[in-house]
Amino acid sequence: MHKRTIPAASLVLAFVFTIGCSRPTRLSLQDRNSEITYLDNVRETASCDPTAASSNRALPLFSKPFAGDFPVANMFDHDKPSVDYNGSVLTMCGARDANQVDGHDGYDWVMPEGTPIRAVADGIVMFAGLNPPGYCAQLGRIVSAIEVQLRHRAPDGTGFSTLYGNLSSVRVVVGDVIPAGATIGLSGNTGCSTAPHLHFSTYQDRGGSFIFIDPYGWHQTASDPWEADPRGAASVWLWRDGEAPRFRF
Ligand SMILES: [Zn+2]
């Protein structure tokens, strides 16, 4: 049923990914909190002007997950994603914001349903489809989100995973080897969500454990609480030059 021509470059990628991972299965990622997007919380600016140069660490790997610009509703909570709820989000700029979703583990971009969503790097599809249904307290009903999960390997060997949530449909199947920029699905409003948006989480592979990190890195001299936490990891600026979704437009 599912036939496609696989270019030679993809076969090389498939070989690389096959080592130690003979059959793609959904990765056991760090647990996510149930979440909701607040549309009245759109952030068009960050409190600093984050760049690769201002980040504590940088590894140019990702391209933009969509074409164009969309406002950010929720950022990555460095204090702390999905494990600590202290009433505010601590951004990569060191700003505390009580209006964002506390404990948020990625970035939410508000966009119309049906916006094409792109793979941020060459990778393999580990999951694509409906999550198991779960109760969403904010909506007061059982919901199921459509998600895509990809696995990537940087040239230096570092492993990452990316998760694209709240989609309306998927355009890939498990095991597909895809290049950066390939359309993997369309944005939507599925799952525990009140408004159309893309939820995007990034994980770093640490010995087979996939830990949330901020793909915009960390831009303060003070230590990053998530890096200092035994459950956490150091964030890394992962965008290639000119590919980071902007905060000002
Ligand atoms: Zn989100």
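Me: Which residue in β12 does Ile124 stand opposite?
Reply: Residues are numbered from 1 along each chain as its sequence is written. Strands are DSSP runs of E, at least two residues, numbered from the N terminus, and two of them pair if DSSP finds at least two bridges between them. β7 and β12 (residues 177-178) run antiparallel with two bridges, and the residue opposite Ile124 is Val177.

Me: How many bridges does β7 form with β10?
Reply: β10 covers residues 146-153 and pairs with β7 in the antiparallel sense. Leu130 stands opposite Ile146 there. The number of bridges between β7 and β10 is six.

Me: Why is β7 described as largely enclosed?
Reply: A residue is buried if 20 or more other C-beta atoms, placed from the backbone, lie within 10 Å of its own. β7 spans residues 123-130 and is largely enclosed by the rest of the structure because the buried ones among its eight residues number six.

Me: Over which residues does pLDDT stay under 50?
Reply: The chain mean is 87, and 85% of residues reach 70 or more. Where pLDDT is low, the predicted coordinates should not be read in detail. The stretch that stays under 50 is residues 1-21.

Notes: This is a predicted model: local features need pLDDT of at least 70, side-chain atom pairs count only at pLDDT 80 or more; totals for chains, interfaces and linings use all residues. pLDDT is the predictor's confidence in each residue, from 0 to 100. Two residues are in contact if their C-beta atoms, placed from the backbone, lie within 7 Å. A residue is buried if 20 or more other C-beta atoms lie within 10 Å of its own, exposed if 12 or fewer, and partly exposed in between; C-beta atoms are placed from the backbone. Helices (H or I, at least four residues) and strands (E, at least two) are DSSP runs, numbered from the N terminus.
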